[in-house]
Each structure stands twice: as structure tokens, then as C-alpha cells.
Amino acid sequence: MCGIVGIVSGLPVEDRLFTALRRLEYRGYDSAGIASIEDGAIVRRRAEGKLINLGRVLAEHPLNGTTGIAHTRWATHGAPTTSNAHPHATGEVAVVHNGIIENFKVLRDELMARGRHFESETDTEVVAHLISELVEDGVSPVDAVRQTLPRLRGAFALAIMFRRQPDMLIGARQGSPLVLGFGENEAYLGSDALALAPLTRRISYLEEGDWVVLTRAGAQVHDVANQQVTRAVVDSGVSSDTADKGNHPHFMHKEIHEQPVVVAQTLRSYLRRLEGTISLPIPEFDLAGVKRVTIVACGTSYYAGMIARYWIEQFAEIPVDIDFASEFRYREPRMENGGLALFISQSGETADTLAALRHARGEGQKIAVVVNVPSSTMAREADLLLPTNAGPEIGVASTKAFTCQLAVLAAFATNLAFANGRMNAADVRHVVRHLAEAPAALNAALGYEDEIRTVAQSLAEARDVLFLGRGADYPLAMEGALKLKEITYIHAEGYAAGEMKHGPIALIDEDVPVVVIAPSGPLFEKTVSNLHEVQARGGRIILISDYDGIEAAGAGCHATITMPKVHPLIAPLVNAVPIQLLAYHTALVKGTDVDQPRNLAKSVTVE
Ligand code: M6R
């Protein structure tokens, strides 16, 4: 998390740094700050809270420097206060940082023992002091950075500015993303291509361990062994248009409503509707040889992966393992040759997922990545890139990325089954026909928003909420609980409906609403039995099903939400809509910040 940006220019940089920060605010909004060099001194402007607060400070005290660095923070070490806001600086050096310096305590003690004074509680400030100490002793900025980087443990993307060399910045990358940008007589550093898009589309991606000296004339890149290297300059392909909310009150609302269009857009890259076939972006990728699939992801992407496990096991009859990236990477599982490791990520930058990907690569796995940001690190490290064409997702709560992931994963599972001879051409045609119906069904689901808004009124009063489902609706139940937790701050749990009687049913009383996701299908009767068990204990049921399901089981429920009747394959996509809208409208009743909920950030680039 945290977004960093730097500009070396002959013209004032404040406005452009601020614009870039706006495009990085999805990475964190605990505080923000900018530093530049004016009249031979490092000058900083910082403010706690959202970027708008920094905007107010800059309006009163503008910066005129022509080289600068800037930061938007997701707090890891130290409270979200102004004194902990980046840039961190000494008289000689200013630093912005995304990542965690794991050995900062040792370094801080060492620096303090030598008389250095710290003004923040952050891990980052040690970087400023280590470099500054050397520069103050007459070491050149480049050598000071070269000597300091090997002392840092953990993850970092850094942009470093020097008082005595106002026409230069140094950047460094280890474990956190950093890109270079090139303009007319100026150069840039940024956490992603999106931040730099209004400045340039000519960018280079730094590799792990790279560090770079940036001047107006361009960039000199060094690898981890300090050898000068060349990194390709490519077109980022990212538009400079700022995402806007259109007629919607929040990005999340807009993104929920975009789902019919973006799912159709995503499916267009995979389905050959007329032929009734599915093709992946790399048709020559050998899926027939895949003997085992390991799915790894975090958060909402993990729940998409759990749903995909049902599909892969059922269609392709191939064993599937699944794990949270944060657990997988430290289990260090041994993986047999011939396996495919499948990583799912909206951002393509989630630190745990990326580390897990690299572990799987080390274990000889082929790497498939379902990702929404085509320029992301994961996309670049994939053998088989499976893009979701959801467009930029700005709301912290993932919505349209999830349904697009499901669309891609359904297509992938089908292709895997076909390649392994478990499905024939007629089976594939059948799947294609149903997947092609998903956008219209999503559209129909959105038509029930008023009904869902009414249900949300009662949910907003609850302290705890349970979500239940079976089969693919079990991960969906967990996704529903996650959505509710993250934007309404109501405690919620997603459970496998059949597990209730093994413990959680003790929680049931009239104050705990229970959202049951039970579309018609092979598991309907079983889920309804569990629903009755809850009802018999006074539980308040909110039933999400199709017309037939509501007819069969709606009696005695506190509320029902009717969804269009669809094939079980696309039911998880369609039923994602009511759980997203329930969370959204409950948040509106509670008055929480829908797009930027407390304590969260969109892209989790620290472990
Ligand atoms: O970018 P990723 O898909 O890798 O992100 C994974 C999670 O951080 C993300 O899905 C998170 O759980 C969302 N805020 C959920 O809405």
C-alpha cells in the first residue's frame, strides 16, 4: 500500500504531483505529503487524513520547486498523524516509501546511538537518516544510496531527493512496485503507470533489486549487483482520463452497475459465441498436461478462487488445492512437477499473492494469472495471462472485478475440462450459451435494487450478521460477509450452511439476521433444511433465491430478495449483485465512507 511519485523537471511540480497522488489515493488515505526543493532547502507540506486535507494546506502554502516527491499513506508503523506523514526528511535528504523496512528498529537504535534525532514513529525515517549521515560525511548521493540499500530488509519502493542535487532523484525497488516515466526534458517515478498517465505513457518497469538515478535527461538503471542495465521503454497503454463517478453517488455504486457491460466485455475475449467454443489468450498453452491446480489469492479474489475450485473439480475432474496467499507463502508447500498454479488478483500487485507466485515458480509450476491490471507485476510474470476487462476499479470494496474474475474462471475451467477430454464440444457449447446469458441476467438482478434497499434498512440495525450458502454459494456467503464488514463495519460471518449445526447455530437469536443464498439447483433442498433449522430457533432469515426458490421456501422469512432464475453455473455471478447492493445500501443507512472505508486500501502491497 502507499503510493509514491517523483518528478524531476525544469517547471514547477506541485500540481502534477498532486494530480498523481489523486490517482494513487486508492493505495491509502491515512495521510499525504509533498516535498520539493526551494531556495536550496527541502520544503515539505503534509497533512493527515485524505488528500483533500493536503490540498487545503497547499492552497495556503504552495510549493514552487521543480523537483519533488510525494506520498499517500496507508499506515503500517505509527499512527496516521501529520508527523508520521511522508516525506520523511533531514536537512539533506527527503524520502517517500511504500513497503515495510523490517529491520528498522535495529537501524533506528544504531542511528540514535550516534546522536540522530527522529521526529516520527515510522520505519521509513531510518532510510532518510542512513543516507543523510553518509551525505553529511561527504559521500555522493549515488554512493550513499548504493551503500544504504543493502542494509534494508523487507519491502520497499523508494523515491529519494537531495538538497544539494536539486535536479536529480534516486528510486529503488525491492518487493514493491515502481515504474519510471519519460517526458520532454523531464522524468518521473511512480508506484504504477496509472499515476504517471497524465504525464507520460512512455514507461519502464523496474525489476526486483533495481535502483535508478533520474535526471531531466533520463534514467540510469542499476540492478541488484550495481551493474548498469537497460530496461525496455514501453507504452503503458493507460489512459490519462480520471475515472469519474458519472451519475452515481459513489464509485462502488457505479462499479456494481457496470457489471453487465464489463462482464460482457470480458467474456468477449474468451467466448466464440457463434462457434460455441472458448479460446484462451494463449491458445498454444498446454492445458492437457495439467495434473493438479493450485489456486492462491487474497480477499475477494480468494473467494472467486474458491468458486473456481468447484468448477474445475466438477468440469475437469482435476484435483485443486486452494490457499490464502498469506498462508501459502509461509507453508512453503512442495509442489509436484506438471502442476499449474493459478493466481487471482484485481490489482496484480498484492504483496502476498506475488510472493506466493514466485514461490510456485521456484517449485517448477506453470503460472496462470487472472488479473485486472494488464501492466501489473503479476501480469508481467505470468506464463498464461487471463485478463479481466473490468476497467479501473476505484471503490475499495471489490465488485465488478469479482464477477469478471468469475466469468474468466468459468471459461478457464471449461477449457481445462475440454483439453483433458472431460467435456466434449457439445458440453462446451452448452457452457458458452449459459455464460453468454450472464450480462443480461446481471442486468435483471440490478433491477431489484429498490427491494434490496428496503432490506438494508433492517440490516443496518444489526450488530452481527450471518451469511449462509452451500456449494459455490458458500464462498459467495463469505464474500457477502466481507462486503458487509468492510464498508459498514458490522460484524459478519460467511458459513457453509451445513456447518451451522456444528457450532455457529448457537449464535442464532432474533437479533442476528441470517442471509441465506439458495438459488434453485441441486443443493437447494439441503440449504432449505438448514434455513428451517435457523428459523426454528427464532432466526431472522433474509432469503436470496429465484422466483421458484422464494415460492418454495420464502414463507416465514423476514425478507426475500428475488433474483432471475439462471443456470447454476452463472448463479454465483448473478447472486453477487444482491450481496453487493445489500452491503452498499446498509453502508448508506449507517453513513460510512463507502468508497474509502476506514483502515483499508485498494492495493495491499505490504504483507
Ligand atoms: O488486488 P487483489 O485482488 O489481489 O486484492 C485482494 C484483496 O485485498 C481484495 O480483494 C480485498 O479483499 C477487497 N477490498 C475486498 O473487497
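I started with A382 and placed it in the loop between α12 (377-380) and β22 (384-387), where helices (H or I, at least four residues) and strands (E, at least two) are DSSP runs numbered from the N terminus. This is a predicted model, in which local features need pLDDT of at least 70 and side-chain atom pairs count only at pLDDT 80 or more, while totals for chains, interfaces and linings use all residues. Residues are numbered from 1 along each chain as its sequence is written, and side-chain values use heavy atoms, with hydrogens and water left out.

I noted that A382 is buried because its relative accessible area is 19%, given that buried means under 20%, exposed over 50% and partly exposed in between (1.4 Å probe, protein chains only). Leaving aside neighbours within four places in sequence, I found A382 in contact with R361, I367 and V369, contact being heavy atoms within 4.5 Å.

Next I turned to the ligand. I found 15 residues around the ligand, of which S301, S345, Q346, T350 and E486 come nearest; a residue is near if one of its heavy atoms lies within 4 Å. For polar contacts (pairs of N or O atoms within 3.5 Å; within protein, one must be able to donate a hydrogen and the other to accept it, and residues adjacent in sequence count only if both atoms are side-chain atoms), I noted a side-chain N or O atom of T350 at 2.5 Å from a ligand oxygen. The side chain of S347 has an N or O atom 2.7 Å from an oxygen of the ligand, whereas T300 brings a backbone N or O atom to 3.1 Å from a ligand oxygen. The protein covers 91% of the 410 Å² of accessible area that the ligand has on its own, by the Shrake-Rupley method with a 1.4 Å probe; for residues, only the protein chains shown count as cover. The elements giving two or more residues to the shell are α9 (299-316) and α17.

In α17 (residues 473-488) I looked up D473, which is buried yet has no salt bridge, the nearest side chain of opposite charge being R470 at 9.3 Å. Lys and Arg count as positive and Asp and Glu as negative, with His and the chain ends not counted. Not counting residues up to four places away in sequence, D473 touches I517, P519 and N575.

I then listed salt bridges (a side-chain nitrogen of Lys or Arg within 4 Å of a carboxyl oxygen of Asp or Glu), of which the structure holds 29. R173 and E208 meet in one of them at 2.9 Å, N to O. This pair links distant parts of the chain, with R173 in strand β8 (residues 165-174) and E208 in the loop between β11 (202-205) and β12 (211-215), 35 residues apart. R173 is buried at 3% relative accessible area, whereas E208 is partly exposed at 34%.

Finally I checked the backbone. E317 is not a glycine but has a positive phi of about 55°; D39 likewise is not a glycine and has a positive phi of about 50°. D39 lies in the loop between β2 (31-38) and β3 (41-48) and is exposed, with a relative accessible area of 81%. The peptide bond from H86 to P87 is cis, with omega near -5°.
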